[in-house]
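Reader: Could you walk me through this one, feature by feature? I'd like the general idea each time, then the case at hand.

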Amino acid sequence: MLDLLAKIFGPQRAVSVYVVIRRFWIPVALFFGFLAVFGFIVTASDPDRMEHIAYLRVEVVEVTPLTQDINSGVFVDVRLPEGEVLKLTETEGAISRELTDVACLERRRDRETGEISHRLRRAHRCAG
């Protein structure tokens, strides 16, 4: 490897470049690996794949805090208008504090698979 570096950088600089490569190859490799994974995630993600269907006002069956502080999140059981009970997790304190007898739920559909998903939202979204 030192011979190759000597041809590229010259004999005086080849040793310095070799020492830098030997000393910092792991952090440099991790950095480029992180950049590759990050680039793949950014290019592969599609923020428009979820399509909004409707906001629903649903009955809250049970609210169980994740910890003693309700602001850190809750487990929520809600009953859909069709009668099905969903078990959801909410970690946004503003939504967790609003949950009483009725909750606001967003129904969304994945454009590629057609799968329906639900997400708790702030109460003002269901008003009106």
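Reader: What radius of gyration does the protein chain have, next to that of a compact globule of 128 residues?

Author: First, a caveat: this is a predicted model, where local features need pLDDT of at least 70, side-chain atom pairs count only at pLDDT 80 or more, and totals for chains, interfaces and linings use all residues. Residues are numbered from 1 along each chain as its sequence is written, and side-chain values use heavy atoms, with hydrogens and water left out. Now, the radius of gyration is taken over C-alpha atoms, and the globule rule is 2.2 Å times the number of residues to the power 0.38. That rule gives a value near 14 Å for 128 residues, but the protein chain has 26 Å. Its C-alpha atoms fill a box of roughly 75 × 40 × 25 Å along the principal axes.

Reader: In what order do the elements run from the N terminus?

Author: Helices (H or I, at least four residues) and strands (E, at least two) are DSSP runs, numbered from the N terminus. Here the order is α-α-β-β-β-α-β-β, which comes to three helices and five strands.

Reader: Which strands pair with S1?

Author: Two strands pair if DSSP finds at least two bridges between them. S1 (residues 50-65) runs antiparallel to S4 (residues 102-110), with nine bridges joining them. There, tyrosine 55 sits opposite glutamate 106, and leucine 56 faces leucine 105. S1 also pairs with S2 (residues 74-79), antiparallel over six bridges, and glutamate 59 has arginine 79 of S2 opposite.

Reader: How should I picture side chains along a strand?

Author: In a regular strand they alternate between the two faces of the sheet.

Reader: How many residues lie between the strands in the hairpin of S4 and S5?

Author: Five, and glycine 114 in that hairpin takes a positive phi near 80 degrees. S4 and S5 (residues 116-121) are antiparallel, over six bridges.

Reader: Is tryptophan 25 buried or exposed?

Author: Buried means under 20% relative accessible area, exposed over 50%, partly exposed in between (1.4 Å probe, protein chains only). Tryptophan 25 belongs to helix H2 (residues 11-44), and it counts as exposed because its relative accessibility is 52%. Its C-alpha lies 52 Å from that of alanine 54, 29 residues apart along the chain.
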